[in-house]
Amino acid sequence: MRFKKFFLPLLAACCFINPLNLHAAPAAPDFWKNATVYFMMTDRFNNGDHDNDHSYNRTKESAVLRGFEGGDIKGIIEKIEDGYFTRLGVDAIWMTPLIEQVHGYDESAGLTYSYHGYWPKDWTAVDANYGTEADLKKMISTAHKHNIKVLMDVIINHTGPETQADWAWPSDWIRTNPICQWQNYQQNTQCALATSLTDIKTEINADVELPAQLLSKWQSEGRLQQELAELEAFFKRTGYPRAPKYYIVKWLTDWVKEYGVDGFRVDTAKHVEAEIWTVLKKESEFAFNSWKSNNPQLGTDDLPFYMVGEVFNWGVNGFKNTAQDGRAYDYGDKQVDFFDFGFDALINMGFVAHAGQSAEQIFASYSQALNHGALNDIGILNYIGSHDDHDSYDRKREKPFETAFKLMLAPGGVQIYYGDELARPMYAEAAFGDAHMRTFMNWQDLAKADTQEILAHWQKLGQFRRAHDAVGSGEHQQLNQSPYIFKRELAGKDRVLVAQGLAKGKKTISVYQLFKDDDVLFDYYSQQSVVVSNGAITLNSDFTYALLGKAI
């Protein structure tokens, strides 16, 4: 790597050390258990620099939505600076990988460039289509100034494909076959996910040489000796063998050490032997603490480094391949509990299936699982839409208000997929496969009154969640069926009351002894303060929702 020396009103070289089980994850902090994470496909979010739109001569016409569309790091910075994420109540932003991608294209599913960020070429550089290392540094520092954490999307499982413009990684690093068959552990971890994804041999611990083409690239960029010196220091300090996975751990954690990345979202976690995630977490914490020591003026809190994993088909309440114990992932012949390998949280892929249930069914069952069940005191990240989940909920955006209510008030952490809050279309004419879920952000729709109303709904829910840890971390209890009223209590720390289906105009709502007389509460939906009197509060608003917590 080339190192270079709240709440707001709403507005429109020694022996190898076996890392197994050295780092089982402790209880996730309340911050992350309740966090709102905004996930954006960098290339599809916001174009802040048109000069980098066709880097590396990526000019050939692609299949529909399978080429670069212009989104970049500067576009993200613009939205941080204008308060877009703050108004939405976002605690952390996560963007698709920013490392340098293969320059050419693959045609296995139509002419496709690496716009999505999941075809790595060089883990030590920022892809020019997204911007520069200076842009990345500014984005992270700007986010921190706005009290927003930054999660980087990281890959150890695979490289990008060989193309006419890109060399193939050597055979001691990667395999191209067999293609994964998904029936057991080996058929998930020692195989290529697709013809366009060459599988890193993460099972080996033998030393391998760096690819000659990578060395030549670094030489041409004037940083070969620096990269080699840093690798020498890393392997001397850690004692790891120079196996492919350890090179990549070094390269990924460099971003943390230099710029203060707050956490990782780990791609394709179940397709790699779990022991390496323990190593990644350990080295990430070392890097994070080094950054804090070197930048005491920039450290904002004592939260530890955070790691959330994508384990496809894992989810709450026994979703698909989740083991009977409710925590581990079941490969068929082997079960792996990823929480024992450094993960603070896993993405809950079951929420899209559960979202069709009533809000109370979701909230009650999730609260039970997270507070008293198999997932007690660990983290999950719920979502309704994703870049590669064809079962994303309400892709036609027919129920935006109901969907937002269920997601944003669900127990656990939540992931907003870019455009959920604007009802961004999840279908595109003539698009193929996952390209449907990757349309460009529909900023133009903010001119429409309907879209403004949807966004305001998401903002209110987001501000409420950000202000009160009890929303995601507290215990849920229904208090009334119609109108629907419930409470969340986080023992000794926080409590909130929520109502849905209220009459418009003046209404009196019991606080069910959750608050005392004379307590001043704030309704995050109507943006007004109220005082508890005779065990109730009175609101006068045109809204059918109330989001009540103590004024702060």
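Modeller: Strand E5 (residues 149-154) runs parallel to E9, the two being paired over four bridges. The model is predicted, so to speak of local features a pLDDT of at least 70 is needed, side-chain atom pairs count only at pLDDT 80 or more, and totals for chains, interfaces and linings use all residues. Residues are numbered from 1 along each chain as its sequence is written, and side-chain values use heavy atoms, with hydrogens and water left out.

Colleague: In E9, which residue stands opposite valine 154?

Modeller: Two strands pair if DSSP finds at least two bridges between them; helices (H or I, at least four residues) and strands (E, at least two) are DSSP runs, numbered from the N terminus. E5 and E9 have four parallel bridges. The residue of E9 opposite valine 154 is valine 266.

Colleague: And which residue of E10 is the bridge partner of phenylalanine 264?

Modeller: E9 also pairs with strand E10 (residues 306-309), in the parallel sense and over four bridges. Both faces of strand E9 (residues 263-266) are covered, with Gly263 and Arg265 buried on one side and Phe264 and Val266 buried on the other. Buried means under 20% relative accessible area, exposed over 50%, and partly exposed in between (1.4 Å probe, protein chains only). In E10, the partner of phenylalanine 264 is methionine 307.

Colleague: In the open sheet of three strands, what is the order?

Modeller: Strand E6 (158-159) and strand E7 (174-175) are the edge strands, each pairing on one side only. E7 pairs with strand E8 (residues 198-200) in the antiparallel sense over two bridges, and arginine 175 has aspartate 199 in E8 as its bridge partner. The pairing in this sheet is antiparallel, and the order is E6-E8-E7.

Colleague: How many aromatic pairs are there?

Modeller: Rings of Phe, Tyr and Trp (its six-membered ring) pair if their centres lie within 6.5 Å; planes under 30 degrees apart count as stacked, over 60 as edge-to-face and the rest as tilted. Ring pairs link a cluster that includes Trp123, Trp167, Phe234 and Trp251. The count of aromatic pairs comes to 43.

Colleague: Why is the pair of tyrosine 38 and phenylalanine 85 edge-to-face, and which elements hold the two residues?

Modeller: The ring centres of tyrosine 38 and phenylalanine 85 are 5.1 Å apart and the planes are at 70°, so the pair is edge-to-face. Tyrosine 38 counts as buried because its relative accessibility is 0%, and phenylalanine 85 counts as buried at 0%. The two are 47 residues apart, tyrosine 38 being in strand E1 (residues 36-40) and phenylalanine 85 in helix H4 (residues 84-87).

Colleague: Which residue has the charged end that sits over the ring of tryptophan 443?

Modeller: A charge sits over a ring if NZ of Lys or CZ of Arg is within 6 Å of the ring centre and within 35 degrees of the ring normal. Arginine 44 lies over the face of tyrosine 115, 4.1 Å from the ring centre. Over tryptophan 443, at 3.9 Å from the ring centre, the charged end is that of lysine 79.

Colleague: Is the disulfide link of cysteine 180 and cysteine 191 right-handed or left-handed?

Modeller: A disulfide is a pair of cysteine sulfur atoms within 2.5 Å, and the count comes to one. Cysteine 180 and cysteine 191 are joined with an S to S distance of 2.0 Å. Cysteine 180 is buried at 4% relative accessibility, and cysteine 191 is buried at 2%. With 95° about the S-S bond, the link of cysteine 180 and cysteine 191 is right-handed.

Colleague: Is leucine 446 buried or partly exposed?

Modeller: Leucine 446 is found in the loop between strand E15 (413-417) and helix H14 (449-467). Its contacts (heavy atoms within 4.5 Å), leaving aside neighbours within four places in sequence, are Leu422, Thr451, Gln452 and Leu455. With a relative accessible area of 27%, leucine 446 is partly exposed.
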